[in-house]
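Here are a few exercises to work through with the model open beside you. Try each one before reading its solution.

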Amino acid sequence: MPHIRILSAEEARAAIPALSRVLADCVAGGASVGFMQPYAPEDAEPYWRDVADAVAAGANLLLVAEFGGSIVGTVQVGAAQMPNQPHRGDLKKLLVHRFARGRGLARLLMEAAEREAAKHGKTLLVLDTATGSDAEAIYPRLGWQRVGVIPDYALWPQGGFCDTTLFYKRLA
């Protein structure tokens, strides 16, 4: 049975190798999440160190999905916003290792992220995702509202422009 939990900064630092494997696998699988191929787990370690620092500063919430005793997925909520946006959070880096997909982990991670964001006073979450990606199809099924598309927003990890679709969700 999958288990979702929020990590402290210390737990995030200890999980860097596992988180790096998940991120590297997603990039290798073509996910447009900010990094270019080739991308090995050791390439991801500086990114996750920065995330752990953001968790320590209270700027990010970091959640993981564990299955079979291993971290196989993750999502973040950017909780630190400008003074006129204390109610808003940014959903970031919903990642599930390819071998663990199809088990509902993305849904479980998203539901947990939304609950945690609400506990931290967030009433609105926003995200962007690669247009036409498998990930884009997840969000409407979870009650997220599509806002629109920005063309040529980023690059696919193998190269070539990638549009992005913006979504938001109001939290109860």
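**Exercise 1.** Are Y47 and W48 buried or exposed?

*Solution.* Both Y47 and W48 are buried (under 20% relative accessible area; exposed is over 50% and partly exposed lies in between, with a 1.4 Å probe and protein chains only).

Before going on, a word on the ground rules: this is a predicted model, where local features need pLDDT of at least 70, side-chain atom pairs count only at pLDDT 80 or more, and totals for chains, interfaces and linings use all residues. Residues are numbered from 1 along each chain as its sequence is written, and side-chain values use heavy atoms, with hydrogens and water left out.

**Exercise 2.** How many aromatic pairs does the structure hold, and how do Y47 and W48 pair?

*Solution.* Start with the count: there are five aromatic pairs (ring centres of Phe, Tyr and Trp, its six-membered ring, within 6.5 Å; planes under 30 degrees apart are stacked, over 60 edge-to-face, the rest tilted). Next, Y47 and W48 sit edge-to-face, 4.9 Å centre to centre with 75° between the planes. Finally, F35, Y39, Y47 and W48 make up one aromatic cluster.
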